[in-house]
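Okay, thanks everyone for coming.

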Amino acid sequence: MGIHQYFKSLSDLEKIYRCPGKFKFQEHSVASHSFKVTKVAQFLGTVEENKGNKVNWQALYEKALNHDYNELFTGDIKTPVKYASAELRDLFSQVEEQMTQKFIFKEFPKEYQQIYLDRFKEGKDDTLEGKILSVADKIDLLYESFGEIQKGNPEPLFQEIYEESLLTILEFKEMESVKYFLNEVLPDMLDEKFIEHSELNKVTQKIVKANLNE
């Protein structure tokens, strides 16, 4: 009982693998994803700050580190499934929120319960930090799917995830950090040599051009 169970659960996140049920050359756990998203968010926040925008670093780090803790109770739901409809996404969110609340009320001392209820709630909001989290989350997902495509994984799911991730990133195209990613990082990604290079390059350029010209 108590915080011991919370600390113990952090190791469980290492055993929850993303995109379950599909062949993958490289497995990614929820724990490793949270670490990578935090590192990406840190860089995006640095770009924003360098361009004169005020970043609440405590809020950003807490959002990034905690954003997928709820998956401890539900596992990872594949992106195309989870985002198939607004109703389905809301349902998944409600289940995760209810199970997380139940865990907090059972295991956390009363004086810390509200603090962790706030920390574990959905972090992707309209604040700069929430937007950075949204972008960082999709950048890591973009790289996960890119890695599978690069290695020649024939599963069409990874192409779907790649395209959905890029489209979501482009929803934040006015952000300085997203401009940097599109202009400086994405071209380097596409310059890497791999079997599906020409096709993926074509798809990427099509998506980017269509959204930047809106």
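Reading from the N terminus, the elements go α-α-α-α-α-α-α-α-α-α-α. That is eleven helices and zero strands, where helices (H or I, at least four residues) and strands (E, at least two) are DSSP runs, numbered from the N terminus. Before going on: this is a predicted model, with local features needing pLDDT of at least 70 and side-chain atom pairs counting only at pLDDT 80 or more, while totals for chains, interfaces and linings use all residues. Residues are numbered from 1 along each chain as its sequence is written, and side-chain values use heavy atoms, with hydrogens and water left out.

Some overall numbers, then. Of the 214 residues in the protein, 44% are buried; buried means under 20% relative accessible area, exposed over 50%, and partly exposed in between (1.4 Å probe, protein chains only). The protein exposes about 11900 Å², and carbon and sulfur atoms supply 53% of that (Shrake-Rupley method, 1.4 Å probe). If you take contacts between residues at least 6 apart in sequence, 70% of them join residues at least 24 apart; contact here means heavy atoms within 4.5 Å.

Now look at helix H2, residues 30–50. How does H2 pack against helix H3, residues 57–66? The angle is about 155 degrees, with the axes 8 Å apart; axes are lines fitted to C-alpha atoms, for helices over the stretch in contact, and angles run from 0 to 180 degrees between N-to-C directions. So H2 and H3 are roughly antiparallel (under 35 degrees is roughly parallel, over 145 roughly antiparallel, 65 to 115 roughly perpendicular, the rest oblique). On the H2 side, the residues that meet H3 include Val37, Ala41 and Gly45, and on the H3 side, Trp57 and Tyr61 are among them. By class, that contact has seven nonpolar, five polar and one charged residues; Ala, Val, Leu, Ile, Met, Phe, Trp, Tyr, Cys and Pro count as nonpolar, Asp, Glu, Lys and Arg as charged, and the others, Gly among them, as polar.

Staying in H2, find histidine 33. Is histidine 33 buried or exposed? Its relative accessibility is 0%, so it counts as buried. Leaving out residues up to four places away in sequence, histidine 33 touches Arg18, His67, Asp68, Asp137, Asp140 and Glu144.

H2 has another partner, H10. Their axes come within 8 Å and cross at roughly 110 degrees, which means H2 is roughly perpendicular to H10. Phe43, Leu44, Val47 and Glu48 of H2 make the contact with Glu176, Ser177 and Tyr180 of H10. Sorted by class, that's four nonpolar, one polar and two charged residues.

Let's zoom in on glutamate 176, in helix H10, residues 176–191. Glutamate 176 is partly exposed, at 26% relative accessible area. Apart from residues up to four places away in sequence, glutamate 176 touches Val47, Glu48, Lys51 and Asn53. Lysine 51 is 125 residues from glutamate 176 along the chain, yet their C-alpha atoms are separated by 7.1 Å.

Last stop: valine 208, in helix H11, residues 197–212. With a relative accessible area of 11%, valine 208 is buried. Valine 208 touches Leu166, Leu170 and Leu186, again not counting residues up to four places away in sequence.
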